[in-house]
Amino acid sequence: MMHFLEQPFGWSNFFVFLLLGIVMLLIVLGFVTYAIYFERKVIGWMQFRIGPNRTGPLGLLQSVADVTKLLIKEDTIPRKAERQLFILAPVITFIPSFAAIAVLPFASNLFFADLDVGILYYVALSGISTIGIVLGGWASNNKYALLGGMRSAAQMISYEVPLVISVVGIVMMTGTLNLRLIVEGQAGGFWHWNFIPQIIGFVVFVIAGISELNRTPFDLPEAESELVAGYHVEYSGFRFAFFMLAEYVYVFAIASLTTVLFLGGWQSPLPVLDFIPGIILVPAQIFVHRLFLLLAARDAAAHPDRPAHGSRLAGAAAARDRQHFRQRDFNGIGGWGRMKGIMKGLGVTFKAMTAKKVTYAYPDVPLEMPDRFRGIQHFEPDKCIVCNMCAKICPTECITLTGKPNPDPEKKGKVIDTYDINFEICILCDLCTEVCPTEAIVMTNNFELSTYSRDELFKDMKWLTDNNENVRKENNSAAPKGGAKANA
Amino acid sequence: MSITPYLTLAAILFCIGLYGALSKKNAIIVLLSIELMLNAVNLNLIAFAKYGPKPGLAGQIFSLFNITVAAAEVAVGIAILINLYRNRGTTDVTDMDTMKR
Amino acid sequence: MLDRLIGFLSSGENLVFFVFSLVAICGAIFMISLTRVVHMVMALALTFLSLGGIYITLGAEFVGWVQVLIYAGAITILMIFGIMMTRHRGEAETEPQRPWHNGLLLVGAIVLFGILFYVIQNATITPQSAPVDPKDNTLQIGQLLFNQYVIPFEIMSVLLTVAFIGAIVVAKREED
Ligand code: SF4
Ligand code: SF4
């Protein structure tokens with residue numbers, strides 16, 4: 001990369017840069033997609049759910065589908081909103097977020113800009129994003145959005161101070177603001193990494209970073225329980241997607257920045273592992289860090305703000321925690337309390353991760369219904385004596401049946417000819433099976449009847465005969481009738 | 001490139017700022033105009049630091065100080081403004097005349 | 001005239017300067033002429049940003065990004081905060097009821113600019129040494145700040161502390 005940066009700027013360079021920029025954009029988009037997926041999975045785990053599992057294998061395409069949906073959704077602008085600013089705000093938020101990535105070095109020879117003021121550049125740009133958030137909140141002409149925007153700005157500005165100050169130690173140690181040189185200063189094993197001499201800075205940076213991202217223990221700006229969703233309540237479609245994207249791009253940026261500043265960037269943790277190319281190490285570290293960021297941040301979700309979402313376990317703990325969180329949050333202090341909350345939340349997640357899920361992967365794994373469940377009927381023509389009892393007792397008169405003389409002339413009576421149940425009106429009251437003397441009609445545990453046409457709800461004898469799975473084992477008619485008789 | 005275009009730009013910005021500071025009635029806009037004037041000064045300082053008679057870093061350092069003071073000034077200014085708004089219910093500079101009465 | 005302009009714009013640095021200064025002047029003029037306060041602040045944020053760009057082309061990388069951080073970021077947001085904390089009747093700046101005052105001011109500002117322009121055009125400023133190498137002047141700024149300018153630097157930090165505590169005290173409600 002260095003030789004590209006040192007060349008005079010010309011058309012060929014321009015295209016190389018454009019291409020690299022597009023590649024980076026795609027990488028970031030992919031990252032954002034799977035960050036969302038991952039986050040939803042984690043929230044699922046901590047709430048004993050499965051999380052996205054329908055679109056694509058393991059639900060891997062869920063976020064892709066969501067993004068597609070967002071992009072083709074109608075783009076609404078409230079009539080009383082401040083139109084120009086409303087349109088401008090997501091752009092102001094997104095552009096700096098993507099521009100900030102430019103300074104992050106990914107390997108000793110892979111970086112997009114070699115700025116002497118790398119850290120300053122990042123901080124300056126992330127400050128501009130905040131303007132977009134405030135403006136979005138203001139331009140929506142909505143009280144919740146305005147409150148969310150103001151809170152977000154107040155929080156982002158106030159935590160930017162500790163974020164920057166926590167880095168000052170490193171800048172003084174390395175004597176440069178250049179991110180590439182900072183990483184190069186950490187070569188030679190993890191004991192040279194900055195997080196050891198700068199452990200306080202590291203902790204402060206991580207906390208301030210979470211708060212800078214408005215992630216959960218610090219999600220006052222979008223506190224769903226009180227502000228609906230914060231500054232982007234009025235946004236929909238691709239404008240909302242831009243806000244979302246900016247938020248996750250910052251997650252990426254902060255995670256990479258932590259890696260670069262404190263965790264040795266592309267330097268391998270042990271000299272023995274030097275053979276691993278740095279280009280693998282950085283993403284690996286970013287991933288690990290992000291894992292923490294997400295687990296920690298989202299977990300605390302169950303704690304302070306959203307007990308309703310969380311599992312009952314987390315909810316109970318939250319009720320207690322919430323009070324002291326509330327009192328402190330607005331003062332902008334209480335880092336230790338938050339850390340404790342985060343740790344507790346992590347505990348909940350790890351415990352719940354392996355626990356049995358309360359959700360079913362429904363159509364793939366059929367639901368176990370209790371045996372007395374009243375599902376749709378199964379009919380056995382051979383048993384039916386055409387006594388007409390079922391049709392008579394049916395309260396909604398949905399059974400129609402006809403008999404014909406027994407084809408075997410030696411036998412008396414009739415055999416069933418047609419037997420239809422109109423499931424449009426059947427109330428599954430179980431009376432027909434109750435009354436049938438021969439158990440020709442019995443209930444099953446199946447219940448899926450949904451079709452695209454009402455006509456298909458009219459089931460004939462063949463269908464009912466074929467509906468022979470999950471037949472209720474013990475039919476009421478077979479059991480002794482009436483409790484009193486059994487007791488006697 | 002000589003220093004003249006930079007000085008001219010600074011002069012333009014300074015004059016616009018001056019006009020805004022003296023003609024606007026909204027206190028926030030007056031503050032903004034003052035910021036614009038300070039920025040014009042900063043531009044001069046930095047331009048002189050590169051193309052002035054004695055190129056050096058002193059100009060940049062001065063502009064850093066300038067920016068710091070400006071930040072402090074805005075913080076205090078906005079605080080006073082908010083307080084004034086609370087007490088008097090106005091942000092109009094022509095209404096801030098209790099000392100005159 | 002036109003060839004001179006084209007000649008001026010053919011160099012990369014000049015082109016960048018031209019674009020940035022155009023944006024800066026436009027932002028400043030919009031700041032004066034727009035009617036809604038938030039729009040004014042945004043226009044000025046544009047000016048601040050482009051001034052940051054000009055600083056960077058002048059080789060003052062550090063100051064340029066500090067400008068973006070402090071002006072375009074922090075001060076703009078503070079201003080927006082100020083606007084949101086105070087209600088603005090009808091949100092619009094009322095028409096100036098003092099046409100004489102404003103007219104005179106306009107004339108005065110233009111005359112001031114004329115004088116400045118005259119002086120700038122007539123001044124001969126010749127650098128006595130070559131411009132300093134912009135490469136890594138961040139390091140040099142740091143060293144200068146902590147050696148030659150350490151006393152102003154310390155005073156500045158005291159000033160900042162005083163200002164921020166003062167701002168908090170002033171803006172705090174009486175009740176709490
Ligand atoms: S379940 Fe009830 S409503 Fe349905 S067919 Fe039987 S008797 Fe009729
Ligand atoms: S009650 Fe049973 S035996 Fe009688 S007609 Fe209905 S299904 Fe057939």
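**Contacts between chains and around the ligands**

The contact between chain C and chain A takes 24 residues from chain C and 27 residues from chain A, where contact means heavy atoms within 4.5 Å. The structure is a predicted model, in which local features need pLDDT of at least 70 and side-chain atom pairs count only at pLDDT 80 or more, while totals for chains, interfaces and linings use all residues. Residues are numbered from 1 along each chain as its sequence is written, chains are lettered from A and ligands numbered from 1 in the order in which they are written, and side-chain values use heavy atoms, with hydrogens and water left out.

The size of an interface is often given as the accessible area lost when the parts come together. Buried area is taken here as the accessible area (1.4 Å probe) that two parts lose on being put together, summed over both. For chain C and chain A this comes to about 2,200 Å², with 81% of it on carbon and sulfur atoms. On the side of chain C, the residues losing the most area to chain A are Trp65(C), Ile77(C) and Met84(C), which together account for 29% of what that side buries. Three helices, H3 (37-57), H4 (61-85) and H6 (137-146) of chain C, each supply at least two residues of the side that touches chain A; helices are DSSP runs (H or I, at least four residues), numbered from the N terminus. H4(C) provides the largest share of this side, 14 residues. By class, the side of chain C that touches chain A has 15 nonpolar, four polar and five charged residues. In this grouping, Ala, Val, Leu, Ile, Met, Phe, Trp, Tyr, Cys and Pro count as nonpolar, Asp, Glu, Lys and Arg as charged, and the others, Gly among them, as polar.

Between chain C and chain A there are zero salt bridges, a salt bridge being a side-chain nitrogen of Lys or Arg within 4 Å of a carboxyl oxygen of Asp or Glu. Over all chains, the whole structure has five salt bridges. One of these pairs Arg180(A) with Glu184(A), whose closest N and O atoms are 3.7 Å apart. Both residues lie in helix H7 (residues 179-184) of chain A, four residues apart, about one turn of the helix.

Next comes the pairing of chain B with chain C. Here the contact takes 72 residues from chain B and 81 residues from chain C. About 7,000 Å² is buried between chain B and chain C, and carbon and sulfur atoms give 77% of that area. This interface, too, has zero salt bridges. Helices H1 (4-23), H2 (27-51) and H3 (58-88) of chain B each supply at least two residues of the side that touches chain C, and H3(B) gives the most, with 24 residues. That side of chain B has 48 nonpolar, 18 polar and six charged residues.

An unreviewed UniProt entry lists residues 6-22, 29-49 and 61-82 of chain B as "transmembrane region"; positions follow the numbering used here, feature names are shortened, and annotations may be inferred rather than shown by experiment. Residues 6-22 of chain B are 100% helix, with end C-alpha atoms 24 Å apart. Residues 29-49 of chain B are also 100% helix, and their end C-alpha atoms lie 30 Å apart.

Finally, the ligands. Residues around ligand 1 (a heavy atom within 4 Å) include Cys394(A), Cys398(A), Cys426(A) and Asp430(A). The shell around ligand 1 has nine nonpolar, two polar and one charged residues.
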